[in-house]
Amino acid sequence: MTRWLMGLLAMLAAAVASPTLAQDAPDIAGDWHGTITLPTGDVTMAIHMTRAADGTLAGWIENFDQNPGDGAELSEIALAEGALAFRVPRVGASWAGTWDEAAQQWRGTLTQGQPFALDFARGNPAPKPVVEGLDGTWVGAYEVNGVRLRQVLGIRTIDRGTFALYSSPDQMVNAVPVTELVRNGQSVSLATMRGQARFAATLSADGNTLAGTWTVPNLPEVTMTFTRATEAEIAARRNPARPQTPQPPFPYRVEDVAFDNPQATEVHLAGTLTLPEGGGPFPAAILITGSGAQDRDETLLEHKPFAVIADYLTRRGIAVLRYDDRGVGGSSGEYATALTSDLATDANAAFAYLAGRPDIRHEAIGMIGHSEGGMIGPVAMADNDKVAFLVSLAGPGTDLVQLMLSQRRLITTQMGVSQDRIDRQEPVMRALFEAVATGETLAEGRAAALAVMTSAAREAMGLPPEVDAALVVDQVATPWFRYFLTYDPAPNWARIKVPILALGGSLDLQVPAAANLAAIRAATQANPDVTIVELPGLNHLFQTATTGSVGEYRDIPETFAPAALEAMTAWIAQRFVRR
C-alpha cells in the first residue's frame, strides 16, 4: 500500500537518433532548471543535456535541493516539433512537455507515481548560501502525545553552497529541504515544511550539540537537543545490517529470464528464476510485489524481502520467479499509468512463461502476493483458473475505503498525532476517498474532492494557506487510486477454489491483520482448503517488530521473520512438493 503512504510515466514519444527541432524551440543541449511544488515545500530539479556529433542526445537529472551532484541518467530522450520527453529509469520517472516560446521555458509534467507540474528554464539553479561549521549528521528526538519521534538533520557544504535536509523517520518525513538555515555566532535557526516548522537553537562551545526549540503552528513548543553523529554512527546508518540477504554461492540454479505480456505489447518483463537442484519438474511460486514501482527483490530501505523468500523456498524444493515491475530495472512499460488489473495481466504473463518450461510442474504453479500483490493475485486468478494456489501476505480483504481510514488512523497515532486531530481529519479523508470513488469519471471525482476542501476541511487537515488544495486532492484523484477505492475484494476471494494461505502480522498498521483476515475468511468460507494465520509480533513487512510503525522498518535488521518463512514454506510443501 505504499502508493498512498509514500507516492511516473507520461506517454513518451519514440526515441529518435537524430532529433529535429521545431523552428521556435532552442537547442536542448545545455543546463536547465525548474521547481516542483509539494505540500512539504518546493524542490528544484535540474537537467543537463549533451548532443553528440551525430545529433544523439544524452543527459542526466539531479534533485538540486535534496541530492545535488548525484544525478540519474536519462533514457529515451525524444525531441521533435517542439516537444520533449525523457525517462529516468533509476527512479521509475519520466517527463514530457512542450516549448513555450513566450515564456522561454519547456512546460511539462514529471510523473513519478503521480504527476507534478515541472517547467524548465535555461541555466543552472542559483547556488545556496554557505553556512560554516554545521556540516554533518545531527540526530535527536522529542516526545509528543506519548510517542518518541526521532529527528535527523543532514547538512553538507559543497561548491554550490550549504544544503540541509530534515527527516523524521517515525513521521514518514524523509529528506525534506531545509530553508532559511542561518548561523549567527552560536545561534542557529532553520525552517522546513514550508516554514511551518521552525527550530531555534544554541550551538555548544565544542560544536557538537544544538539545543533548542521547535515551533509548529497549533502545537505546543517542543525542546530537544541535536547531537552531531560520529563517523561510525553515520556509517552504520548508511550501511545497515541485513543478515538475511542471500549471498552466493547458492545451492540452486539462478537464471535471468524475460517474457512478454501478450495483453500489453509494450510490456517486456525481466526477472530471476531460481530452481532447486535436480532435474525437476518442480512446483513453482510467482512473487507479486506490493504497491509502488518495485524491483524483483521488492527492495525497500535496503531490505530485499523477495530475495529472502526466493532463497528460502528454493532451498526447500520450490522454484521461484520474481520480476521487476513495469518500467523498473530490466522491465519495460509504464508503471505509473497501470491499474491493479493491468498488473494482474503481468502476473498471468509470468504464469504463462513458467507453464511453458519443461522443468516446472504445470499443475503446481501458484502466486504469492505481498500487500497490493495480495490483491493482484486474486484479480489475476479471476482470469486464470490454472493457478494452483495463492499465498496472501498482508493482502486486503475489507472495504478499501475503510482500509485506508484504519491504516491512516493507526499510522498517524504512531506518529504522535493527537486523537483529537485524527478525529477531525478522518471525516475529511473519508469524504475525499468517497468523492473520488463515486464520481462517474475521474474528472468528476476530482472536482467533487476539490469541493470537499473547504476552509474548515483545510484547517482540520492542518493545510497551510499557501498550499494549493489540489496538491492534496491529486494524491488520491488518480486512475490507480480510483480503481483501488472502488475495488471490492470479496467477490474475487470467493471465486478461488484452489488452496489459499492468508498470513498477516499482528502489528501490521498498513493492512490491519484482524479485520482483513476475518474478511478473507468470510469471503472464502465455501473453499475447503483455506488456512488463515495471524502471526504475533510481525509488522506489514513481516519483520519481528516492537510497535509496527513504519519508522521501524529500516531499523530492524531482520528482513522477513523465520516464523513467516517456515509457515509459508511448510504449507506449500505439504501440498505440492513430492516426497
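Predicted model: local features only at pLDDT ≥ 70, side-chain atom pairs only at ≥ 80, totals over all residues.
Colleague: What radius of gyration does the chain have, and what would a compact globule have?
Modeller: The C-alpha trace spans about 75 × 60 × 55 Å along its principal axes. For 579 residues, a compact globule would have a radius of gyration near 25 Å. The chain agrees with this, its own value being 25 Å.

Colleague: How many helices and strands are there in the chain?
Modeller: Of the 579 residues, 54% count as buried. The secondary structure of the chain comprises 14 helices and 27 strands.

Colleague: What share of the accessible surface belongs to carbon and sulfur atoms?
Modeller: The accessible surface of the chain comes to about 23,900 Å². The part of this surface that belongs to carbon and sulfur atoms is 54%.

Colleague: How far apart do the centres of the positive and negative side chains lie?
Modeller: The chain carries 43 positive and 63 negative side chains. The centres of these two sets are separated by 4 Å.

Colleague: How many aromatic pairs does the structure hold, and is the pair of Trp480 and Phe484 stacked or edge-to-face?
Modeller: The structure holds 19 aromatic pairs.

Colleague: Where do Trp480 and Phe484 lie, and are they buried or exposed?
Modeller: Both residues belong to helix H11 (residues 479-486), where a spacing of 4 residues separates them by about one helical turn. The relative accessible area is 5% for Trp480 and 1% for Phe484. Because buried means under 20%, Trp480 is buried and Phe484 is buried.

Colleague: Is the pair of Tyr483 and Tyr487 stacked or edge-to-face?
Modeller: Tyr487 is buried, with a relative accessible area of 11%. The ring centres of Tyr483 and Tyr487 are 6.1 Å apart, and their planes are at 15 degrees, so the pair is stacked.

Colleague: Over which ring does the charged end of Arg316 sit?
Modeller: The charged end of Arg316 is 3.6 Å from the centre of the ring in question. That ring belongs to Tyr312.

Colleague: Where does Met367 lie, and how far in space is it from Ala388?
Modeller: Met367 is placed in strand E24 (residues 360-370) and is buried, at 0% relative accessible area. Met367 and Ala388 are 21 residues apart in sequence. From C-alpha to C-alpha, their distance in space is 8.1 Å.

Colleague: What are the phi values of Glu76 and Glu302?
Modeller: Glu76 is in strand E5 (residues 75-80) and is partly exposed, at 38% relative accessible area. Glu302 is in the loop between E22 and helix H3 (305-314) and is partly exposed, at 37%. Each has a positive phi in a residue other than glycine: near 50 degrees for Glu76 and near 70 degrees for Glu302.

Terms used: Residues numbered from 1 in each chain as written. Heavy atoms only, no water. Phe/Tyr/Trp six-rings, centres within 6.5 Å; stacked < 30°, edge-to-face > 60°. Helix = DSSP H or I, 4+ residues; strand = E, 2+ residues; numbered from the N terminus. Buried < 20%, exposed > 50% of the residue type's maximum accessible area, 1.4 Å probe, protein only. Lys NZ or Arg CZ within 6 Å of the ring centre and 35° of its normal. Rg over C-alpha atoms; globule rule 2.2 N^0.38 Å. Areas by Shrake-Rupley, 256 points an atom, 1.4 Å probe, with all protein chains shown as cover. Lys, Arg positive; Asp, Glu negative; His and termini not counted. Charge placed at Lys NZ, Arg CZ, Asp CG, Glu CD.
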